[in-house]
Every structure is written in C-alpha cells, then in structure tokens.
Amino acid sequence: MAVLTFDDNVTLSDFGMANAKGNELALLGSISSRTEKVPASKGLIDYGNEVGSNTDKFPITVMTQNPLERSYNMRAFKLFLLDDYGLPRYIKIHNSNEPDVYFWGKMTTAPVPVLHNVTADFVLEVTNLDGVKYSIAEADEVLWGSQSIGFESNYLLGHTGSGAKELSVRSNVSFVPFVSGMAVHPYFVLDGSGTNVKIICSGQEINVGTFTGKLEIDTENRIAYLNGAEKLMRMNKFLIVRNRPVTVTGTNMNFKLSNHYRDEF
C-alpha cells in the first residue's frame, strides 16, 4: 500500500479512495530485440535492444459506504483522469514508497469497478510511455536542508551536483557532473560571450559557435535560444554519462555556464 499523489497535490483520499495491497510496479519497460537472420550463417545478428513503455497496476478500494456518494466519487475520479475532451491525459504521479522520484503516466486500460455492499474496488493501470522515473529535484538542488529531499531518498553523501552552476568560463575547462542513474539530456545556459565554443562529452559534441548574450541549449529537443529567440545550431544526440567529464573549449570566452538536469531511473 502507498500514498499516491497526482499532479503534486491530489491524492486518492480526495475521492474517498485508498491504495490496497498488491501493487504491480514494472522495473523496466517492454524489451524488444533487434536481430536479423543472414542466410547460410548460424543464429542471428544482434543489433541491440529497444526498451518500450511500462505499466504500473494499483489496486484501488473505494472506501465511501454510501452508494450514491460512492458513485459520485468514482465519477469525479474518472473526470480527473481525463482531459476536457474525455480522453486520458498525462498525470504526474508520485508514489510514497519511492519518495525521491516521480513519473508521467496516463490511463491506457479502462478501470472496471466491482461493487460490494459498502465498498467497491478496481485496478488503476497507468502507462509510463517514456519508461523513465525522474528525480524530484534537479542535480544542483540535492543539498542539506532541502525541503523536498529527506533521509528516505536514495541519494548518497558526496553528491556534487551538475558540476556547473554559474561556472565562470574564461579558458578551456572540464567538469564531471554527478549522475545517479541513466545518461541524461542536459539543459545548458551560457550567459556572456564566446567564439568557436564547443561542448563535448563522451565523444558527443555541441558546436555552439560564436554568441553574445544569454544562450540556452535544450539537448533533449535539440533546440537553442539566444536572447529568447530560436537559434540554429549544429547539434546531434547529446547525453551526459555517469563519471564522464564535460569539456568546454573555445576562444575569447567570458561567460557563466549552468548545467541543468534531473537524474533518471
């Protein structure tokens, strides 16, 4: 049993419900093997794997005993799970048994309540399409005195953050971000000026080029903004990998660099 919080401030108790025993929480999404058979050769050639979405199943008990109020609560919960057009919507979900992470999910199987004399129960199936659980805090927010991170969170002593929080860059520099989980897409902010600037990590490169002002680089969506306006930039897939340094090179550099990301599990 757990306390499920939706969209940061809504719980099952708001609908007269509670999480029952028997949660099924997938450790990993569905795995697909990419293989190919070559004629006249043994076996298959392995081209790697792909990991798909995962689905968590939460048994729910409707605690309200009055049959009319119980129906109203179930109807209200259904409307909460749907958008204005009656379609399942993405919901931010936090499970009290995993206090340091949240995930985005949507209902993909319609619940079918079983009505009893004074209660009802059903299974809420929520699919996490990207298969990722995100840290409740950005890397630079993992600090003593945090209001959101407690001793129940799975963070180790010595967490050094993103490695760059308004880091002054005037010459070539390297730093090692602290990554707890899988490789992450960073969001860089460069405030100042530089010429022929490049950001490199684990063989991946962002050709920043020459800029003056505030430059924001969204590596997940492969887009950049200079002083609020979209800027074309040569950028391929870029991830920060655990224990790998990030290197910044260029000339005439005089800017502050900040590196933003959330650990992914």
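**Close-up views of side-chain contacts**

**View 1. The side chain of Arg 70 reaches the backbone oxygen of Thr 119 at 3.2 Å.** Such a polar contact is a pair of N or O atoms within 3.5 Å; within protein, one must be able to donate a hydrogen and the other to accept it, and residues adjacent in sequence count only if both atoms are side-chain atoms. The model is predicted, so local features need pLDDT of at least 70 and side-chain atom pairs count only at pLDDT 80 or more, while totals for chains, interfaces and linings use all residues. Residues are numbered from 1 along each chain as its sequence is written, and side-chain values use heavy atoms, with hydrogens and water left out. Arg 70 is placed in helix α1; helices (H or I, at least four residues) and strands (E, at least two) are DSSP runs, numbered from the N terminus. Arg 70 is buried but has no salt bridge, and the nearest side chain of opposite charge, that of Asp 121, is 9.4 Å away. Here Lys and Arg count as positive and Asp and Glu as negative, whereas His and the chain ends are not counted. Buried means under 20% relative accessible area, exposed over 50%, and partly exposed in between (1.4 Å probe, protein chains only). Leaving aside residues up to four places away in sequence, Arg 70 touches several residues, including Val 62, His 116 and Val 118; contact means heavy atoms within 4.5 Å.

View 2. The structure holds nine aromatic pairs. Rings of Phe, Tyr and Trp (its six-membered ring) pair if their centres lie within 6.5 Å; planes under 30 degrees apart count as stacked, over 60 as edge-to-face and the rest as tilted. The ring centres of Phe 15 and Phe 77 are 5.1 Å apart and their planes stand at 65°, so this pair is edge-to-face. It links distant parts of the chain, with Phe 15 in the loop between β2 (10–11) and β3 (17–19) and Phe 77 in helix α1 (residues 67–81), 62 residues apart. Phe 15 is buried at a relative accessible area of 10%, and Phe 77 is buried at 3%. For Phe 15 and Phe 80, the centres are 5.7 Å apart and the planes at 45°, so the pair is tilted. Ring pairs join Phe 6, Phe 15, Phe 77, Phe 80 and Phe 122 into a cluster.

**View 3. Asp 7 and Arg 89 meet in a salt bridge (3.0 Å, N to O).** A salt bridge is a side-chain nitrogen of Lys or Arg within 4 Å of a carboxyl oxygen of Asp or Glu, and the count comes to five. The pair links distant parts of the chain: Asp 7 lies in the loop between β1 (4–6) and β2, and Arg 89 in the loop between α1 and β7 (91–95), 82 residues apart. Asp 7 is partly exposed at 26% relative accessibility, as is Arg 89 at 21%.

**View 4. Asp 130 lies in the loop between β10 (120–128) and β11 (134–138).** The side chain of Asp 130 reaches the backbone nitrogen of Val 132 at 3.0 Å. Asp 130 is partly exposed, with a relative accessible area of 41%. The C-alpha atoms of Asp 130 and Trp 104 are separated by 8.3 Å, although the two residues are 26 residues apart along the chain.
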